[in-house]
Amino acid sequence: QHKLAIIGAFAVAIREGRFSRSTDGPLAKKSVSDSVNAVAATFRENGREDPHRDAERNVGRLLQRQLRSYSKNDPKAIQQKALPICVYRLLLASPAADLRRAISELAAAAHFWAMRSCEYSKVSRAEQRQTKQLCLRNIAFIKDGNTLSHTSTILHLAECISITFERQKNDRKSDTVTQWRTSDPIMCPVKLWASIVTRILSIKGTNKDSPVSLAKHRNSTISITSEMVANLLRDGVVTIGETKLGIHRSEIGTHSIRSRAAMAMYLPGVPIFSIMLIGRWSSLTFLQYIRKQVQKF
């Protein structure tokens with residue numbers, strides 16, 4: 001009981017943000033639960049008793065009630081809706097400045113791997129996770145069984161492209177996912193990534209270790225941020241028409257790319273395990289992104 005009281009007090013401190021920045025505010029129940037579980041795991045790994053379980057090896061009843069109360073008091077989670085593919089097509093087909101074009105290509109290319117924003121763009125400190133942003137070295141173009149050099153003039157003719165995710169938030173490392181060339185003149189993973197790689201290598205000082213978020217803007221090199229991507233996607237929705245799409249711009253964000261990828265595979269009947277492999281989901285959580293919207297769709 002004494003240990004449960006201490007771990008409960010620790011949960012309160014996490015909830016109130018005592019270990020966070022003063023501007024962050026209260027943390028959600030999931031963050032509290034994850035922190036408690038991490039502490040408990042450390043105890044177990046060192047041969048000590050699990051501090052959040054009682055004598056019967058069950059999670060302490062008071063701690064359960066405490067976490068349940070956090071769930072009830074947490075604000076309703078806002079699920080970002082899947083982005084219609086017509087928005088990608090609009091952004092890629094529209095004449096645009098170099099930076100806008102770079103953001104459009106990056107967003108569309110990320111779609112084929114259901115990427116998290118931190119995997120292809122620069123994110124704020126609050127969004128930072130242990131996920132490592134992709135670099136050019138993580139992208140391999142394959143033609144006739146051979147890997148093409150990034151400086152090859154026929155990158156866009158590759159048969160497929162493999163991307164290796166070095167480190168992800170679910171602790172998976174060096175996870176490689178391959179996508180094949182499509183006949184679509186615009187929405188083709190090979191053509192999109194070939195354009196991105198070629199553009200980045202044309203910037204002075206870049207190499208295979210350069211992140212995929214780099215872009216030229218007003219004679220300087222910048223990193224495309226997740227906020228830039230989200231704003232461009234919202235602009236696309238507004239241009240086509242919120243009423244026509246049945247989506248408000250506030251319902252769109254970088255997670256809409258991940259939701260869209262799941263929905264694009266789910267609707268034609270792609271096996272669940274294939275969707276999980278491509279999107280690198282370790283559970284069926286991705287279904288919550290699309291289930292309700294599929295019904296409305």
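The following dialogue reads selected features of a predicted model.

Visitor: What are the overall dimensions and secondary-structure content of the protein chain?

Guide: The chain holds 12 helices and 6 strands. Its C-alpha atoms fill a box of roughly 70 × 45 × 40 Å along the principal axes. Of its 297 residues, 42% count as buried. The chain exposes about 16,400 Å², of which carbon and sulfur atoms supply 52%. As for contacts between residues at least 6 apart in sequence, 60% join residues at least 24 apart.

Visitor: How many salt bridges does a search of the whole structure find, and how is one to be read?

Guide: The search finds 14 salt bridges. Each can be read by its distance, its place in the chain and the accessibility of its partners. Consider Lys30 and Asp34, whose side chains meet at 2.9 Å, N to O. Both residues belong to helix 2 (residues 29-45), and they are 4 residues apart, about one turn of the helix. Lys30 counts as exposed at 58% relative accessibility, while Asp34 is partly exposed at 39%.

Visitor: Which parts of the chain does the salt bridge between Arg89 and Asp184 tie together?

Guide: The side chains of Arg89 and Asp184 meet in a salt bridge of 2.5 Å, N to O. Arg89 lies in helix 4 (residues 85-93) and Asp184 in the loop between strand 4 (173-180) and helix 7 (189-201), so the pair ties together parts that are 95 residues apart in sequence. Arg89 is partly exposed, with a relative accessible area of 31%. Asp184, at 19%, counts as buried, because the cut-off for that class is under 20%.

Visitor: Which residues are linked in a network of salt bridges?

Guide: Arg44, Asp50 and Arg53 are linked in such a network.

Visitor: Which members of the largest nonpolar core touch the most other members?

Guide: A core can be read through its members and the elements that supply them. Trp113, Met115, Phe141 and Trp193 touch the most other members of this core, which has 58 residues. Helix 5 (residues 98-111) gives the largest share, 8 residues. Apart from this core lies another, of 9 residues, among them Ile7, Val36, Leu67 and Tyr70.

Visitor: With which residues is Met115 in contact, leaving aside its neighbours within four places in sequence?

Guide: Beyond those neighbours, Met115 is in contact with Ala110, Tyr120, Leu134, Ile163, Phe165, Trp193, Arg258 and Arg280.

Visitor: Where does Ser121 lie, and what surrounds it?

Guide: Ser121 lies in the loop between helix 6 and strand 1 (139-143) and is buried, at 2% relative accessibility. A polar atom of its side chain lies 2.7 Å from the backbone oxygen of Ser117. Leaving aside neighbours within four places in sequence, Ser121 is in contact with Gln133, Ser213, Ile224, Thr225 and Ser226.

Visitor: Which residues form a nonpolar patch on the surface?

Guide: Tyr266, Leu267, Ile272 and Leu284 form a patch with about 330 Å² of accessible area together. Leu267, found in the loop between helix 10 (255-266) and helix 11, is partly exposed with a relative accessible area of 39%.

Terms used:
Residues numbered from 1 in each chain as written. Predicted model: local features only at pLDDT ≥ 70, side-chain atom pairs only at ≥ 80, totals over all residues. Heavy atoms only, no water. Salt bridge = Lys/Arg side-chain N within 4 Å of Asp/Glu carboxyl O. Helix = DSSP H or I, 4+ residues; strand = E, 2+ residues; numbered from the N terminus. Buried < 20%, exposed > 50% of the residue type's maximum accessible area, 1.4 Å probe, protein only. Core = buried A, V, L, I, M, F, W, Y, C linked by side-chain atoms within 4.5 Å. Contact = heavy atoms within 4.5 Å. Polar contact = N/O pair within 3.5 Å; in protein donor to acceptor, adjacent residues only side chain to side chain. Patch = residues over 30% accessible without salt bridge, like charges linked within 9 Å, V, L, I, M, F, W, Y side chains within 5 Å. Areas by Shrake-Rupley, 256 points an atom, 1.4 Å probe, with all protein chains shown as cover.
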